[in-house]
Amino acid sequence: MTQFTRDEWKAQAARLRLRDLLWIDGKAVPAADGRRFATVNPANGQVLAEVARGAAADVDRAVASARRAFEDGRWSRKAPADRKEVLLRLAALIRQNVPELALLDSLDMGKLVTDAATIDAPGSAHFFQWHAEAIDKLYDEIAPTGAGNLAMIRRVPLGVIGAVVPWNFPLDMATWKLAPALATGNSVVLKPAEQSPLSALRLAELASEAGLPDGVLNVVTGYGEEAGEALGRHPDVDAIAFTGSTPVGKLFQTYAGQSNMKQVWLETGGKSPNLVFPDADLDAAADKAAFGIFFNQGEVCSANSRLLVHESVAEEMALRMVTRAAAYQPGDPLDPASRMGPLVTRDHADAVMGFIAAGRQSARLLCGGERITLDGSDAYVQPTVFIGAAPDARIVREEIFGPVLSIQTFATEAEAVALANDTPYGLAASVWTRDLDRALRVSDRLHAGTVSVNTVDALSAMTPFGGMKQSGHGRDLSIHSFDKYTALKTVWVSYGSAAAS
Ligand code: NAD
């Protein structure tokens, strides 16, 4: 992609046309009651747009539109190869609009525009393409019944999917749900996070331009307690695909239990451990450990927030982490020289500073720990490293979702594994060692959906992503993501072979 300067990004930002209405039945419409809410640019605290505040009546309209589309087969009964063509066109349109989509996410939630333009937006195109290309290569099954019976095991779309996503990767989290849900023939009602609604609205428009029939994808922007809850409780939604915090994930299970027992797939929080053994390449481990916690301001579900280091190399690693952290000072997210942006909101920066205050009581602060004001916004927080917190300290146990690393030490492999697993979460883990036996042995024992060895956050369209324990269940990405959006249906035909013979 063309590299833009800060001034060029700013000029493009000034020219953006922000979509600020709900997207229902292939049209941009206001909320039924006309209400709106402000979405704020955390880099300067200014209101970007007043966006339609969807609530229960709007969710009803969107679900009804999705249901009509599903039942009349305009998408659900299209041949997989035809759905593939539409989604490939969408991938191409996303590629053509990378700068715009990147800017929307950067302005809305503070991520570096360079990351959004080189990782998030191209990633979205890639994930749509990957799922589209996979969908006409999957075969159904015939059960081994014997003569006189033909039992087909079909994989069928579920119907109407409610996708509820967070603000940390607005375009990509929406894509992770939409690509497999749409490829398998479902209709979707997407509820983006209230902090970052803009890219989802543009994506819906691009999907329509790509040829996705009206009603197949609807976007209801609004608050979690309004639009989100209405979707979670809706009697005509077949499944919820949720990414967000663990407490809200549990609410969706309650909503389902109290309504129509819809399926609920959860990708929730994390407190991922990164284990460094003494034989590791410490420079590489430190580079990746810093990326693992400071990338995207640490607002990453699988952030490597706990660095567990063998005591014999703890001091060397701690020194390296301080040096690496220094390179991640926050700055203007539209400046290609910046390494971190602001946190998503002032409130979230308050919460992160609360964790840092607790950390100062329970551990030794190695670097960072301060809040910074830039361009009139105090949502920026320095990259922060603590060492020596007890296993029960808040900074060790709770998801901070900010640029705060906690280093702990261990003496034995067994202790390392025990510390790593001593958490309610189980999303990701990393292991650094040159000893293959140890790498595999430790990987076997870690409770995590993904274990990265000699890297962090290994992730691709080809491999499933998701959690164990209270990091959720179900998997995004890969062929396995189709499981969430389809049901197995048996069609048994008895054809009387005995009579004919
Ligand atoms: P959140 O749980 O506050 O919000 C996520 C979504 O749920 C938003 O759309 C929000 O509007 C909606 N919501 C909030 N309250 C609701 C309610 N009472 N009823 C219905 N819907 C409601 O999470 P967040 O702050 O947007 O995102 C951060 C969280 O997301 C972190 O915990 C992070 O670990 C998690 N996350 C997980 C993954 C993963 O794949 N496991 C990926 C990214 C983020």
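1. Helices here are DSSP runs of H or I with at least four residues, strands are E runs of at least two, and both are numbered from the N terminus. With that in hand: α9 gives the shell around the ligand its largest share, four residues. α9 (246-258), α8 (224-233) and β10 (239-243) each supply at least two shell residues.

2. A word on the model: it is predicted, with local features needing pLDDT of at least 70 and side-chain atom pairs counting only at pLDDT 80 or more, while totals for chains, interfaces and linings use all residues. Residues are numbered from 1 along each chain as its sequence is written, and side-chain values use heavy atoms, leaving out hydrogens and water.

3. Who sits around the ligand? There are 29 residues, and K191, E194, S245, T268 and E399 come nearest (near means a heavy atom within 4 Å). By class, the shell has 16 nonpolar, eight polar and five charged residues; Asp, Glu, Lys and Arg count as charged, Ala, Val, Leu, Ile, Met, Phe, Trp, Tyr, Cys and Pro as nonpolar, and the others, including Gly, as polar.

4. Now the polar contacts (pairs of N or O atoms within 3.5 Å). W167 puts a polar side-chain atom 2.9 Å from a ligand oxygen.

5. Where does the ligand lie relative to the domains? Domain 1 (6-268 + 471-488) and domain 2 (273-453) both give residues to its shell, so the ligand lies between them. The domain bounds come from an automatic or database assignment.

Methods
Polar contact = N/O pair within 3.5 Å; in protein donor to acceptor, adjacent residues only side chain to side chain.
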